[in-house]
Amino acid sequence: MACFFRRRIAAKLGSTLQHPEEAFIPAVTAVPVMKKQQTADFKVSVSTLRVNGILPSRGDIQLQTEDLACKLKQDSVVEEISAGRGVINFKVNRKFLAQKLLEPFGKGDDDKFGLNSELLVSLKRGTTLVEYSSPNIAKKFHAGHLRSTIIGNFIANLKQSLGNNVIRMNYLGDWGMQFGLLGAGFDQFGCLEKLKQNPLQHLFEVYVQVNKEAEHNEDIKQAARDFFRQLEQHESQAVSLWKQFREITVTEYQRVYKRLGVHFDVYCGESFHQDQAQEVVQQLQSRGLLKTSEKGTGVVDLSPQGDMSSVCTLLRSDGTTLYITRDIAAAINRKEKYQFDEMIYVTDKSQENHFSQLFQILLSMGHSWADRCRHVSFGLVQGMKTRTGEVVFLEDVLDEARARMLHNMSQSSTTKDMDNPEDTAEKVGISALNIQDFKGPLQSDYKFDWDRMLQAQGDTGVFLQYTHARLCSLMQRNEGVQAATFDPSLLREHTSVTILQHLLRYDEVLYQSAQDLQPKHLVTFLLKLCHLIAAAHRELPVKGSPQDVAQARLRLFSGACSVLANGMRILGITPVDKM
Ligand code: ARG
């Protein structure tokens, strides 16, 4: 594994520079694989050592680099040490490289590869609460909710694989005036039978209808206000209808999330914090933080000068609470209940201001843990449509991805002998959605494009799945050839070495993604891996090679396959064995 070499190089630097070797571990980085063959496997930037105060930051940096390279002694593992431009390059023994990297794959804990790296230890933070998806009952499940769902799932998976205790939470939009409308609307347009048959569809229809009606009908507006007041006062009839809407929605969502490979430990919602929100208001009042504005609303002054030039409204003039008030109450409640060490919220970037105000208010109330709350925001998706038109429900997107993928697959000969082509099409279709979404920086907006994301070649989720399936079939065909041991000295070709060098970076890539919570590092790594594997299929034949060569190559392929599968799972993709 990479950490074996990293430690070895760090120890060398430590003894030469008379410094604890730990200090060098993060400075030793694997050299990214390029078109041209790289001789060096690892490098250490001298300016980093200067910044860290390990080397004096005066004097010519190049002279310092060359001087240090001369002082470091090579050995049987680290065979070559040389000075580059401001960096020291290290080349490790090729046999050790293959041995250390591929050894773990024969032992049945393939899914741990890279995860025990000392680089990742500092990322273990205890309990992480990730809140994501969080759709609104009776409203559209829009592209933003889809993004939140898959991004949040990725973050939760990543945190979990790094050894954190993860709580996955869905915070439903299940409160507010819209439920007044829905309640009043259900009286007029609702049908219990339809609600049971197709809950999301029916609730949405009622909601659309009642909104239209409310535009010109004062009676229905009044009925909505009455219904919501009854809800706030916990009147049993209203509450029971509301409960029914909520339960039926959650059950339906759970079914659809399952198709996506997503689950939640906790379903909560704005409704849960209705009463606590009033308590928050009282606390703010008693601390003198709540001011009354000219309009009679309750506000918190967030301006640095304290001149009310930037305020956040927590209370309407009629005394009812708002979205942010409930979020303050919810955060405090979660901290008490789950004792999280960090909390992550995933929503689109239109809510950036909301979360920055939320964290600011929590801090002003003395909740210093708000420093460990983070908002991961993402850009907008344009043009998410299906053949039948606009997307209203999550299921529409999944159905469309599956149908389109099934159509593409029907043109390939292998589909015929598949047990369950629909299931494969679903998994591959979902990976296409994921990769399209994860390829760029999350902050960027992008244009949804079915044709492009479903291409078999190019940087798509289909290409990842195809590569995985092809590796699985290679392994299967050669089951009899694979052995518990292999001769690492037989993996010296450029193509083999390049794959090994690439695998050296896996823990660094996880580190990067865990730092900035951006999936793109892992996506780029896996796509590159797939391109290298494609070259290896051409240049490293198994069939027709002498047995020992075939065994060594199979070990390389199986290692690459495991890392690919592990990485895909973290992204929220289920690898398929056949396609
Ligand atoms: N339900 C909200 C929406 O659809 C998202 C909730 C985000 N989470 C939160 N704690 N405010 O916009």
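Biologist: Why does Glu 400 count as partly exposed?

Modeller: The model is predicted, and the answer rests on a count of C-beta atoms within it. Glu 400 has 19 C-beta neighbours inside 10 Å. Buried needs 20 or more, and exposed needs 12 or fewer. The count of 19 lies in between, so Glu 400 is partly exposed. Glu 400 belongs to helix 14, residues 394–410. Gly 429 is 29 residues from Glu 400 in sequence, and the two C-alpha atoms are 8.6 Å apart.

Biologist: What makes Leu 510 buried?

Modeller: Leu 510 has 25 other C-beta atoms within 10 Å. The cut-off is 20 or more, so Leu 510 is buried. Leu 510 is part of helix 19, which covers residues 506–516. In sequence Leu 510 and Leu 115 are separated by 395 residues, while their C-alpha atoms are 8.6 Å apart in space.

Biologist: How do you know whether Arg 334 is buried or exposed?

Modeller: By the count again. Arg 334 has 21 other C-beta atoms within 10 Å, which makes it buried, since 20 or more is what the term requires. Arg 334 sits in helix 12. Leu 129 is 205 residues away from Arg 334 in sequence and 8.8 Å away in space, C-alpha to C-alpha.

Biologist: And Val 44, on what count is that residue called buried?

Modeller: On 23 C-beta neighbours inside 10 Å. Val 44 is in strand 2, residues 42–45. Ala 83 is 39 residues from Val 44 along the sequence and 9.9 Å from it, C-alpha to C-alpha.

Biologist: What makes His 234 worth a remark for its phi?

Modeller: His 234 is not a glycine, yet its phi is positive, about 60°. Most residues other than glycine have a negative phi. His 234 is in the loop between helix 9 (218–232) and helix 10 (236–260). It has 10 C-beta neighbours inside 10 Å and therefore counts as exposed, the limit being 12 or fewer.

Biologist: What is the phi of Gln 339, and why does that residue count as exposed?

Modeller: The phi of Gln 339 is about 50°, a positive value in a residue that is not a glycine. Gln 339 has 11 C-beta neighbours inside 10 Å, so it counts as exposed. Its loop runs between helix 12 (323–338) and strand 11 (342–348).

Biologist: Why are helix 18 and helix 20 called roughly antiparallel?

Modeller: Helix 18 (residues 494–503) and helix 20 (residues 520–539) have axes that cross at roughly 160°. Angles over 145 count as roughly antiparallel, and the pair is therefore given that name. The two axes come within 10 Å, and their crossing is left-handed.

Biologist: How many helices and strands does the protein chain have, and what share of its residues is buried?

Modeller: The protein chain has 21 helices and 16 strands. Of its 579 residues, 41% count as buried. The C-alpha trace spans about 85 × 65 × 35 Å along its principal axes.

Terms used
Residues are numbered from 1 along each chain as its sequence is written. This is a predicted model: local features need pLDDT of at least 70, side-chain atom pairs count only at pLDDT 80 or more; totals for chains, interfaces and linings use all residues. Axes are lines fitted to C-alpha atoms, for helices over the stretch in contact, and angles run from 0 to 180 degrees between N-to-C directions. Helices (H or I, at least four residues) and strands (E, at least two) are DSSP runs, numbered from the N terminus. Angles under 35 degrees count as roughly parallel, over 145 as roughly antiparallel, 65 to 115 as roughly perpendicular and the rest as oblique. A crossing is left-handed if the near helix is turned anticlockwise from the far one by less than a right angle, and right-handed if clockwise.
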